[in-house]
Amino acid sequence: MSQGLPGSVLQVAAPGNQPQPQPQSPEDDDRKVRRREKNRVAAQRSRKKQTQKADKLHEEYECLEQENTMLRREIGKLTEELKHLTEALKEHEKMCPLLLCPLNFVPVPPRPDPVAGCLPR
């Protein structure tokens, strides 16, 4: 049983939930209203900034996706061109008179480096 005056109600506040004292003057009320308004405006500004940042990232993402798609197409075209040129080279090698001539396989002595001859030893 609680000890106290008969008919009295005992109120226990949780730690950190202490009741706030009531404003003591109209100036305190005005200050509180101004502070809340300032906080509301700052929160709106912050949310707007976050939204703009997310929009910018989304636009950048879209541009990168388009660039990636274009580069993949270019890779495909270049791969096809490589296949075509490789086939053309193979066909050419079969009948190329320069490749069939045995004199073309004579080793050529290496040429001296013209710059190395000018350097001091």
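Reader: What should I know before I start?

Author: This is a predicted model, where local features need pLDDT of at least 70, side-chain atom pairs count only at pLDDT 80 or more, and totals for chains, interfaces and linings use all residues. Residues are numbered from 1 along each chain as its sequence is written, and side-chain values use heavy atoms, with hydrogens and water left out.

Reader: How many helices and strands does the chain have?

Author: Helices (H or I, at least four residues) and strands (E, at least two) are DSSP runs, numbered from the N terminus. Here the chain has two helices and zero strands.

Reader: What share of the residues is buried?

Author: Buried means under 20% relative accessible area, exposed over 50%, partly exposed in between (1.4 Å probe, protein chains only). Of the 121 residues, 1% count as buried. Cys96, at 8%, is buried. Cys63, at 52%, is exposed.

Reader: How many disulfides are there?

Author: A disulfide is a pair of cysteine sulfur atoms within 2.5 Å. The whole structure has zero.

Reader: How many salt bridges does the structure hold?

Author: A salt bridge puts a side-chain nitrogen of Lys or Arg within 4 Å of a carboxyl oxygen of Asp or Glu. The structure holds four. Among them is Glu37 with Arg40, at 2.4 Å, N to O. Another is Lys83 with Glu80, at 3.7 Å.

Reader: Where do Glu37 and Arg40 lie?

Author: Both lie in helix H1, three residues apart, about one turn of the helix. Glu37 is partly exposed at 37%, and Arg40 is partly exposed at 40%.
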